[in-house]
Amino acid sequence: MTVTKLRLWTVDEYHQMIETGILNEDDRVELLEGQIIEMSPQLPPHTATTHIASDYLRSLLAGRVTIRIQSPITLRPNSEPEPDIAVVRIDSDRYFDHHPTPDEIFLVIEVANTSLRKDRRQKVRAYANANIPEYWILDVYERQVYVFRNPGNEGYQEEIILNEEAIFSMVAFPEIEVSVGELFP
């Protein structure tokens with residue numbers, strides 16, 4: 001029986017592949033737990049939900065954060081995912097010289113229409129291991145939000161599923177109320 005070993009990549013090696021042209025902007029991939037993963041295609045419901053949710057959060061958090069859409073975040077040593085939405089600290093250089101790192105990230109959000117399984121298993125693990133304080137999955141078809149909080153060694157210690165009538169607050173901004181219904185078209 002032959003055993004095949006999986007070669008895992010670091011963020012630095014991933015960047016070298018980009019710099020040398022092995023990977024380019026046309027390659028819809030991200031680095032997740034050392035593996036280069038092909039990203040899911042975006043259907044209209046996914047794109048619409050991403051824009052509605054990001055606009056809503058931008059209005060709620062104006063002047064307090066930067067909202068990044070489908071842009072990389074660096075989770076060393078071996079992940080550089082591109083969450084659909086990242087709520088990050090304001091950076092005077094607008095992250096010109098680096099992607100946001102865990103200490104600059106308040107919240108990451110994935111929008112799921114075909115990727116719910118991957119987002120609930122693989123991405124949740126990567127974000128918890130990086131100590132991201134809060135992670136949401138917006139389930140496009142069920143119109144509900146999976147909220148993950150309290151990251152630990154075994155993943156997030158808290159998972160809540162909220163329907164579209166729910167109102168809740170973010171860990172980083174408990175004084176701001178978020179309406180689940182406003183996150184969806």
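1. Start with the kink in helix H3: about 35 degrees, centred on Lys 123. The bend at a residue is taken as the angle between axes fitted to the seven residues ending there and the seven starting there. Helices here are DSSP runs of H or I with at least four residues, strands are runs of E with at least two, and both are numbered from the N terminus. Keep in mind that this is a predicted model, where local features need pLDDT of at least 70, side-chain atom pairs count only at pLDDT 80 or more, and totals for chains, interfaces and linings use all residues. Residues are numbered from 1 along each chain as its sequence is written, and side-chain values use heavy atoms, with hydrogens and water left out.

2. How far apart are the end C-alpha atoms of H3? They are 19 Å apart, which agrees with the 20 Å that the 14 residues of H3 (residues 116-129) should span at 1.5 Å a residue. The expected span is 1.5 Å times one less than the number of residues. After H3 comes Asn 131, with a positive phi near 70 degrees.

3. An α-helix has 3.6 residues a turn, so residues three or four places apart point the same way. Contact, throughout, means heavy atoms within 4.5 Å.

4. Arg 125 also sits in H3, but it counts as partly exposed because its relative accessibility is 39%. From Arg 125 to Leu 138 is 13 residues in sequence and 17 Å in space, C-alpha to C-alpha.

5. The side chain of Ser 115 makes a polar contact of 2.8 Å with that of Asp 119. A polar contact is a pair of N or O atoms within 3.5 Å; within protein, one must be able to donate a hydrogen and the other to accept it, and residues adjacent in sequence count only if both atoms are side-chain atoms. Ser 115 and Met 39 are 76 residues apart along the chain, yet their C-alpha atoms are separated by 9.2 Å.

6. Is Glu 134 buried or exposed? Glu 134 is buried, because its relative accessible area is 1%. This residue is in strand S6 (residues 134-139). A polar atom of its side chain lies 2.8 Å from the backbone nitrogen of Val 171. Leaving aside neighbours within four places in sequence, the contacts of Glu 134 include Phe 106, Val 108, Phe 148, Arg 149, Tyr 156 and Met 170.

7. A search of the whole structure finds one cavity of 30 Å³ or more, and the largest cavity has a volume of about 170 Å³. It is lined by 18 residues, with Met 39, Ser 40, His 46, Asp 84 and Glu 110 closest to its centre. H3 gives the largest share of that lining, three residues. On a 1 Å grid over the protein atoms alone, a cavity is a set of points where a 1.4 Å probe fits but cannot get out, while a pocket is an open set with protein on both sides within 12 Å along at least five of seven lines; lining residues have an atom within 4 Å of a point. Grid points are joined across faces, edges and corners, and a volume is the space filled by probe spheres set on the points.

8. The largest pocket holds about 430 Å³ of space. Of its 16 lining residues, Ile 18, Asn 24, Glu 25, Pro 72 and Glu 82 lie nearest the centre. Helix H1 (residues 11-19) gives the most to this lining, with four residues.

9. Last, some backbone details to check in the loops. Arg 76 and Pro 77 are joined by a cis peptide bond, with omega about 10 degrees, and Pro 77 lies between strands S3 (66-69) and S4 (85-88). Glu 33, not a glycine, has a positive phi of about 55 degrees and lies in the loop between S1 and S2. Tyr 95, in the loop between S4 and S5, has a positive phi near 60 degrees.

Key:
Buried < 20%, exposed > 50% of the residue type's maximum accessible area, 1.4 Å probe, protein only.
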